[in-house]
Amino acid sequence: MFPNKLSSLLFLPKSLSYSHSPLSSLPPRPSLLQTKQAHARIIVHGLASDVVLLGHLLSFLALAPSSSLEYSLSVYRTLSYPSVFASNNMIRCFAKSDSPRGSVVLYSSMRQGNVALPNSHTFTFVLQACSKALAIHEGTQVHSHVVKLGFGVDVFISNALIHLYSACCRMECSKRVFQENIHHRDVVSWNSILAGLVRDGQIGVAETMFGKMPERDAISWSTMIMGYVQNGQLEEGLECFKEMRERGLKPNEAILVTVLSASAQMGLLEHGRLVHSIINSLNFRMTTSLGTALVDMYAKCGCIEQSKLLFNSMHQRDISSWNVMICGLASHGLGKEALAHFETFVKEGFRPVNVTFIGVLNACSRAGLVREGRHYFKLMTENYDIEPEMEHYGCMVDLLGRAGFINEAVDLIEKMPAPPDPVLWATLLGACKIHGLVELGEMIGNKLIHLDPNHDGHYVQLASIYAKSRKWEDVVRVRRLMFKQNTNKIAGWSLIEAEGRVHQFVAGDRKHERSSEIYKMLETIGRRISEAGYTPNISSVLHDIGEEEKENVIKEHSERLAIAYGMLVTGVGDCIRIVKNLRVCEDCHEVSKMISQVFEREIVVRDGSRFHHFKEGKCSCHDFW
DNA sequence: ATAGGGTTAG
């Protein structure tokens with residue numbers, strides 16, 4: 001009787017067919033709706049308390065992509081004598097839900113004999129729940145039951161234990177289980193421990209493990225690549241990805257998303273494009289995650305138009321897709337567009353979160369939208385009850401300060417509930433420089449030097465404020481102070497991608513193999529832009545050297561070397577894309593504008609805080625950055 | 001009569 005009943009009651013009509021991915025050979029998973037329909041048929045047939053049927057129903061619920069814990073519980077509660085099968089699947093439903101601790105409660109009533117006794121499946125599910133809840137205490141107790149009941153040799157269970165300890169960063173315990181199970185080990189055991197090491201920041205150990213693995217699958221590679229990227233070793237991550245491809249292995253979605261993120265962080269457009277073409281050529285389904293990662297990559301690599309096109313073509317957008325788009329528009333100075341996106345986002349029923357407002361406030365500050373900035377700052381706290389963080393204050397101080405509302409900015413800082421980050425004062429110091437406020441600048445500059453005496457940026461800013469108002473003896477004094485303090489100077493660099501490689505330059509760099517050509521090109525550039533009326537602005541140079549030498553120093557800023565190299569290796573009329581870690585200096589900004597005009601070249605520079613698109617002698621930031 | 005493990009940013 002069973003097989004027939006089962007198929008007629010649980011099997012679903014073809015027309016409603018299960019969500020079935022052509023790329024996987026997984027068994028079909030009924031949706032929540034389909035499962036509820038099956039439940040209805042069971043009830044209609046008078047079998048509402050059939051343990052076998054309801055057990056299957058629960059297993060469907062545990063697997064359904066979107067299921068409701070309340071519903072699963074209501075099904076489970078109708079059973080007067082739940083089977084192990086039904087109980088295990090109920091534990092699995094808890095494990096998958098937002099209240100994984102429910103699994104542990106049900107498990108202990110099984111242990112007490114109130115319901116069916118646990119079997120090996122019980123342990124995999126309850127341990128999964130402990131991992132998810134980071135319930136190390138409960139997990140350890142379950143571990144002792146596993147040993148006591150002789151389940152320690154079950155590879156599924158010992159892997160679940162390795163995963164549990166890895167998830168809780170108890171790497172010593174994790175390794176012990178791993179070592180004890182030397183005869184019951186497979187690629188999953190290795191992957192679980194690898195993931196733990198990576199999570200714990202032990203990237204070197206993980207690397208060694210990875211090298212020793214007897215077998216590696218897509219998840220092993222993705223864990224390793226992710227490990228590098230999460231630990232900030234972006235180049236190594238991309239290198240690992242390359243090695244994987246050279247071995248003829250196919251990436252999975254997790255790898256692609258991670259690698260896109262690395263390309264985005266480094267600003268490597270060509271690499272990002274390569275990943276995009278891999279996605280297309282392997283016929284990957286364009287999921288929301290992949291789409292969002294691509295939108296982000298193009299925005300962070302300077303192609304905001306491409307980013308917008310992709311965003312508009314997405315079938316489904318989640319809150320992250322919107323956040324990425326809004327922040328991207330903001331970083332390109334497209335303030336109005338970013339705000340329009342925000343409004344649509346709200347109209348579509350999304351609720352903004354704190355990063356959304358970082359994008360919105362950045363949009364205002366980059367585009368100088370003071371009124372809007374004040375409005376959204378208020379909206380964030382009053383309408384959405386989001387506590388502003390340091391970064392939100394940073395945007396506001398920047399916006400108000402640069403627009404000249406210095407007192408309002410000072411007020412905002414002083415009324416903050418938490419002690420202000422020195423960065424906020426530094427931002428305000430920048431505003432004092434723009435508006436030539438020597439006295440306030442002096443006060444803030446001294447305060448900053450006191451707070452953070454090893455940071456060279458504060459001295460530089462203060463000195464340039466003095467320089468701007470021609471207070472030369474103060475310039476010299478501050479500069480001497482800086483040398484005496486032995487400040488840490490953050491080395492500036494610029495990079496450009498060309499001929500399938502990344503070329504990185506520092507100021508005065510002569511290490512590049514085409515160095516002499518680069519310097520010749522610099523001279524040509526200098527001559528041509530001088531003819532067009534350029535004179536160097538050397539106020540930002542503080543070295544104790546003669547005027548002529550100062551000109552040479554700025555002439556050899558890393559950014560210019562990268563641009564000169566770009567002119568050498570790209571075709572006439574091609575866009576030159578530069579990524580740098582610090583902000584562009586005033587003079588380089590001017591020079592880039594001139595080059596864009598004289599050589600009819602579009603130049604896109606991503607600096608430490610935003611994008612500059614130079615075209616026909618103008619910059620997208622309107623010289624306001 | 002039946003089920004089980006590991007990887008994903010912004």
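Is Val360 buried or exposed? Select Val360 in this predicted model; the residue belongs to helix α21, which runs over residues 354–367. Val360 is buried, with a relative accessible area of 0%. Now show what surrounds the side chain. Apart from neighbours within four places in sequence, Val360 is in contact with Ile326, Leu339, Phe342 and Tyr376. Then draw a distance from the C-alpha of Val360 to that of Cys395: the two atoms are separated by 9.4 Å, although the residues lie 35 apart along the chain.

Next, select residues 422–435, helix α25. This helix has 14 residues and reaches 20 Å from its first C-alpha to its last, close to the 20 Å expected at 1.5 Å a residue. Colour its buried residues: Leu424, Trp425, Thr427, Leu428, Leu429, Gly430, Ala431 and Cys432.

Helix α26 covers residues 438–451 and helix α27 covers residues 456–468. Their axes come within 9 Å and cross at roughly 160 degrees. An angle over 145 degrees counts as roughly antiparallel, and α26 and α27 are therefore roughly antiparallel to each other. The crossing of α26 past α27 is left-handed. On the α26 side, the contact is made by Val438, Gly441, Glu442, Gly445, Asn446, Leu448 and Ile449. On the α27 side, select His458, Tyr459, Leu462, Ile465 and Tyr466.

Move to residues 32–44, helix α2. Its 13 residues reach 18 Å from first C-alpha to last, close to the 18 Å expected at 1.5 Å a residue. Which residues of α2 are buried? They are Leu32, Gln34, Thr35, Ala38, His39 and Ile42. These cover an arc of only 160 degrees around the axis, which puts them on the same side of α2. An α-helix has 3.6 residues a turn, so residues three or four places apart point the same way. Just after α2, stop at Gly46, which takes a positive phi of about 70 degrees.

The last stop is Asn159, in helix α9 (residues 155–167). Asn159 is buried, with a relative accessible area of 8%. What does Asn159 touch, not counting residues up to four places away in sequence? Show Asp186, Val188, Ser189 and Ser192 to see these contacts of Asn159.

Terms used:
Residues are numbered from 1 along each chain as its sequence is written. Chains are lettered from A and ligands numbered from 1 in the order in which they are written. This is a predicted model: local features need pLDDT of at least 70, side-chain atom pairs count only at pLDDT 80 or more; totals for chains, interfaces and linings use all residues. Side-chain values use heavy atoms; hydrogens and water are left out. Helices (H or I, at least four residues) and strands (E, at least two) are DSSP runs, numbered from the N terminus. The expected span of a helix is 1.5 Å times one less than its number of residues. Buried means under 20% relative accessible area, exposed over 50%, partly exposed in between (1.4 Å probe, protein chains only). The arc is that of the directions from the helix axis to the C-beta atoms. Axes are lines fitted to C-alpha atoms, for helices over the stretch in contact, and angles run from 0 to 180 degrees between N-to-C directions. Angles under 35 degrees count as roughly parallel, over 145 as roughly antiparallel, 65 to 115 as roughly perpendicular and the rest as oblique. A crossing is left-handed if the near helix is turned anticlockwise from the far one by less than a right angle, and right-handed if clockwise. Contact means heavy atoms within 4.5 Å.
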